[in-house]
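Student: I would like a close look at one part of this model, the larger layout of one chain and how its pieces are put together. Please work through it in one connected answer.

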Amino acid sequence: MRLAAFDEMLPEVSGLRRPYSAYDRWLKEQDPARLTEKMQDAERVFRKTGITFAVYGEQEASERLIPFDIVPRIISGNEWRRLTQGIEQRVQALNAFLDDIYHRQEILRAGRVPTELIARNEAFLPEMIGVRPPAGVYTHIIGVDIVRISEDEFYVLEDNARTPSGVSYMLENRETMMQLFPELFQKIKVRPVENYPQLLRQSLAAVRPQGTKGAPTIAVLTPGSYNSAYFEHAFLADQMGVQLVEGQDLRVVDGHVAMRTTEGYKQIDVLYRRVDDSFLDPLTFRPDSALGVPGIMDVYRAGNITIANAPGTGIADDKAIYSYMPEIVEFYTGRKAILGNIPTWRCSEPDSLKYVLEHIHELVIKEVHGSGGYGMLVGPAATKKECEAFAKKLQAKPSNYIAQPTLALSTCPILTDKGLAPRHVDLRPYVLVSDRIQIVPGGLTRVALKEGSLVVNSSQGGGTKDTWVLDD
Amino acid sequence: MLLGRTANGLYWMNRYIERAENMARLVDAGLRMALTRTQSASEEWSSVLLSAGSDVTFSQKYSDYTAANVADFLLRDTSNPSSTMAAIETARNNARMVRTALTRETWESINEAWMALKRMLAKPIDERDLPSVLDAIKRETALIRGSFYGTMLRNEIFDFSQLGTYVERADNTARILDVKYYVLLPSISWVGSTLDNYQWESILRSVSAHRSYRWVYDADYKPTNIADYLILNVRMPRSLTFCYRFLCEHLKFLGDDYGERHACHATAEKTQTMLRAGSIKDIFDAGLHEFLAAFIRDNTKLGNEIAQDYRFN
């Protein structure tokens, strides 16, 4: 099935869109053979610098490149301003929601979100009840996945409030584009994204524990070099000029978290962790975890370390909570959500379940706690047999699933052997929260490389593009 | 200040880069001997394996000492942890772990060396291609060294890296000398005489010193001169004295930076003093093998102490 999608460069009805006009002029002057060459150059650059990711379960291709497309995705200054207003509002609401959920739980008392959705949710950490993180920030780094379906319609597909990844691709994509096409950046004024690591560092420093003396010591906590996102962890630590630590480097010394250095143990004030909640502290969560730090939660509760993002933030990006985001935004900001949600059926509700089962071949069905495009069904693209099998799973545990209409995500052209061809895209801008909210102009555009495919996840054959926000 | 784990990664990354190159050089020396010899070359190949410290594991896998088998085992075989491929892979894994401590150039040169060698060593090496494969290995490691020396800040990161390089190198040189001497020197009475034996050249060749030897000594290969060159010459970059000069220097930098001296400082300085005071005559009088065995033991001890003193064990 093919959906009539809105193309961001060349919509069928209105012709070439303004944000792409300068790029289009340049493109028409290029020799196609040279562009193909540039495409290969790009792959060489990525391989040489080792920008790879691991795909779980694939022994052979344990280090793969995320395919990169050299046609940029372009957003006008005006479009961006609208988006940032919506994102800021949403991020404020997310933090307010987390603070509320772990303290007075007013939103539950007001009946806007069902209590059992929180209480029985694995992402809700009772250990965080009553804990107020340094500077009151819960989710410091957020990736908001946004899709577009027409000139004016943007929707939030999901919030990534735990440990959003991919920002290194945003930075490397830009770096690569500037290496390949320096002349383009002379012609077209694109707002810079390069300062993201500095902003991240400042943002983390701003939320240091109150008792920190002098400049805070910041570290990035990685599960290790075999993790699929290790490249990014190393990249960010490097760009920020901070240590990249593993659980084995850390221990609690005199009420603080400290890293083992060539000169003995040294205190850490802010930990940007890229390890899941359940592995963070074997004394509090999974006892078999070797990736975390025994006792770090005690240090955290005592206010002696900032953990970014805070433990327990997962409750805010849970897919079952997602469907309540319009209510959540309104509850905490007093205004209607600027960025809408995609209509969502909660399969836990009998009426919705009935509807979903009847329309399974039209819908996208996702696991509530799933991510990375695993465990989902794209109805229109699935065979009858697949739909039936999925329906069985759905009936066995309805509360584990949500369903959404299959949206005609907007497309952007990619360069193929046969010239430009439209492919579906989404957008993940990155948001930093400290005493203020900062959004780097751009983000990660993920693109489904297979013709007609709507799944943009890199683990499922998706690629990326440089994302330009015009300085116009 | 560095993470102990980072210091460990830097140290071993450099040990393995050194080892990867050393294996290529040993095979190169063996190939040279085999080519210049009319009869079976199995003795030469067996001495190459002995120098590499891999003779036992080799004989568990192969029965014939042929160029193809030895080259395969020392260059390609990843079940042999010291083979060039295994070593470069370990070096790269360590580099990946300590990426944030390396310049982009250094990391890329290691990553590219790994990619190039992986491609080149994917299939068994055709004997005709062996010389060009050996050249390529030496070129890749030279590129790593070049970008490392050319771009790295001379700080503790550099110091820990160099400690790895020189501990490994001293170990390599001492082993080569020990093994070869046993194989090549028929009796103690030959010491001091001039030997017209191309095999002596192989010792020098396996430490890339066959040309520079002639700049320092006369053209004849004398066992005492060769031993003097590889043990005591201060300017020969693979000699034991040279290695210890730099080990002491980098340990001193670390000691000064951190304001603390450890057991490893004393161990390194003791060896350096011994090397500086020693003469080649004394060494031969006391027994070269005994000297080298004690040296290798102390060098290993130094490696362990560095790891302990700087918390990366």
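How far apart do the C-alpha centres of domain 1 of chain A and domain 2 of chain A lie?

Tutor: The model is predicted, so local features need pLDDT of at least 70 and side-chain atom pairs count only at pLDDT 80 or more, while totals for chains, interfaces and linings use all residues. Residues are numbered from 1 along each chain as its sequence is written, and chains are lettered from A and ligands numbered from 1 in the order in which they are written.

The C-alpha centres of domain 1 and domain 2 of chain A lie 25 Å apart. Domain 1 of chain A is made of three stretches, 18–209, 305–340 and 407–469, whereas domain 2 of chain A covers 343–405. The bounds come from an automatic or database domain assignment. Where the two meet, twelve residues of domain 1 of chain A are in contact with ten residues of domain 2 of chain A; contact means C-beta atoms, placed from the backbone, within 7 Å. On the domain 1 side of this contact in chain A there are five nonpolar, four polar and three charged residues. In this classing, Ala, Val, Leu, Ile, Met, Phe, Trp, Tyr, Cys and Pro are nonpolar, Asp, Glu, Lys and Arg are charged, and the others, Gly among them, are polar.

Chain A as a whole has 16 helices and 21 strands. These are DSSP runs numbered from the N terminus, with at least four residues (H or I) for a helix and at least two (E) for a strand. Along the principal axes, the C-alpha atoms of chain A fill a box of roughly 65 × 55 × 45 Å.

Next, the strands. S2(A) (residues 141–148) and S3(A) (residues 154–160) run antiparallel and are joined by six bridges; two strands pair if DSSP finds at least two bridges between them. Arg148(A) has Phe154(A) of S3(A) as its bridge partner. S3(A) also pairs with S11(A) (residues 340–341), here in the parallel sense and over two bridges. In that pairing, Val156(A) stands opposite Asn341(A) of S11(A).

One open sheet of chain A has four strands in the order S12-S15-S13-S14, with antiparallel pairing. S12(A) (345–346) and S14(A) (377–378) are the edge strands, and each pairs on one side only. Two bridges hold the antiparallel pairing of S12(A) with S15(A) (residues 401–405), in which Trp345(A) is opposite Ala403(A).

Another open sheet of four strands in chain A has parallel pairing and the order S5-S4-S9-S10. Its edges are S5(A) (243–245) and S10(A) (306–308), each of which pairs on one side only. On average, neighbouring strands of this sheet are turned by 25 degrees against each other, direction ignored. S4(A) (residues 218–221) and S9(A) (residues 270–273) share four bridges in the parallel sense, with Val220(A) opposite Tyr272(A).

Among the helices, H8(A) (residues 196–206) and H9(A) (residues 230–240) pack at an angle of about 80 degrees, with their axes 9 Å apart. Axes are lines fitted to C-alpha atoms, for helices over the stretch in contact, and angles run from 0 to 180 degrees between N-to-C directions. H8(A) is therefore roughly perpendicular to H9(A); that label covers 65 to 115 degrees, with under 35 roughly parallel, over 145 roughly antiparallel and the rest oblique. Pro197(A), Leu200(A) and Arg201(A) of H8(A) make the contact with Leu236(A), Gln239(A) and Met240(A) of H9(A). By class, this contact has four nonpolar residues, one polar and one charged.

Finally, chain A also touches chain B, and that contact takes 19 residues from each of the two chains. On the chain B side, H1(B) (4–35), H5(B) (84–97) and H6(B) (104–120) each supply at least two residues. H6(B) gives the most to this side, with four residues. The side of chain B that touches chain A has eight nonpolar, four polar and seven charged residues.
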